[in-house]
Amino acid sequence: MYSWQINQWQHITQRTNLPHALLLRGPAGTGKHDFAIELAQALLCKAPAADKTACNACPSCVWFAEGGHPDFKLISPEDAEASEETNSAPKKKTAKKSQISVVQIRQLIDYLTLSTHQVGGKRIIIISPADALNTASANALLKALEEPPANTLFLLVTSQPQRLLATITSRCQAVNMPLPSLQTALAWLNAQGINAAENLLAHAGGAPLLAQQAAQDSELNLNLMKQLSLGAKLDPFASAPLFLGLGMERAIDGLQKWLFDVLACKFTQSLRYHPQQIVALQALAKGVNLRLLFNFQDKLTEAKKTANHPLSNEAQLENILLQYAQLFTVIK
């Protein structure tokens, strides 16, 4: 649990009766997944502390730490491949899964028919990120949410609640997980030993965990900004592998933030995400075609909706970068 989550922690843990499903929603990089894990362990703990956090010593906490608690399940895209494997010939290595499959949810429903390990004990199910549910898996989950087993709590975690079915969200009680204040976020980053925390936090849109990740990827991010600074001279085919190192969603998000600052240079000279790149951004702003830029921003918004689709690949990113280069004229 992070310092900026204390209010949400108290709001949930001090309640006498919890609903059958909570939807933890808020911006990416605020620690919602970590919060859900901590909450699950605390609710299963047999000797919680006065602040309702887990004791980390009882048998339940030991099982949880070892990843073997019989009354806890984490459903995420990463284990989709394992869920779909059979005992036949081994499957070829594939890209990391980006969706929660209907197979996973059906297996979860079968698991929910079993009794809890302890009679009358709690059972916690985390689905993270919940927006990784596809149509089939979301509809399958809906059945479990409509008729939840006794003593079972679902924790759905999402940074994109608009991608969830309305029927899913209507059966959950929402818990907002907002960005921390600038002072709180900077204090946490400084405590982690992050250099240039303020600049990183600005680039991350105020999300401290994204800023921390950016610090770890600082060399990669610097190379990407150098490529974007080329404008019309950018080589989409040489640059695409670099951007793919971030993953499609983060690559598109980075492009959106960069273009936001290009526009800022064009009209206000006040940068939000890349204050240290003002010279390069000013040069790009002089030669940008605004009509093409506004159209391209719309295309990026649409592309981000399917960024985690299995068919999103290097060719798609090459096309995006080709369109980016065409936004600019060469300034001599």
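Q: What makes a charge count as sitting over a ring?
A: The NZ of Lys or CZ of Arg must be within 6 Å of the ring centre and within 35 degrees of the ring normal.

Q: What places R272 over the face of F260 in this predicted model?
A: R272 lies at 5.7 Å from the ring centre of F260, and the cut-off is within 6 Å. R272 therefore lies over the face of F260.

Q: Which ring does R123 lie over?
A: R123 lies over the face of Y111, at 5.4 Å from the ring centre.

Q: How many aromatic pairs does the ring rule give?
A: The count comes to seven aromatic pairs.

Q: Why is the pair of Y2 and W4 called stacked?
A: The ring centres of Y2 and W4 are 4.9 Å apart and their planes stand at 5 degrees. Pairing requires centres within 6.5 Å, and stacking requires planes under 30 degrees apart, so the pair is stacked. Both Y2 and W4 are buried. Ring pairs also link Y2 and W4 with W188 into a cluster.

Q: What makes the aromatic pair of Y324 and F328 edge-to-face?
A: The centres of Y324 and F328 are 5.0 Å apart, with 65 degrees between the planes. An angle over 60 counts as edge-to-face, so the pair is edge-to-face. Y324 and F328 are both buried.

Q: Which residues of helix α1 (residues 6-13) are buried?
A: They are Q8, W9, I12 and T13.

Technical notes. Residues are numbered from 1 along each chain as its sequence is written. This is a predicted model: local features need pLDDT of at least 70, side-chain atom pairs count only at pLDDT 80 or more; totals for chains, interfaces and linings use all residues. Side-chain values use heavy atoms; hydrogens and water are left out. Rings of Phe, Tyr and Trp (its six-membered ring) pair if their centres lie within 6.5 Å; planes under 30 degrees apart count as stacked, over 60 as edge-to-face and the rest as tilted. Buried means under 20% relative accessible area, exposed over 50%, partly exposed in between (1.4 Å probe, protein chains only). Helices (H or I, at least four residues) and strands (E, at least two) are DSSP runs, numbered from the N terminus.
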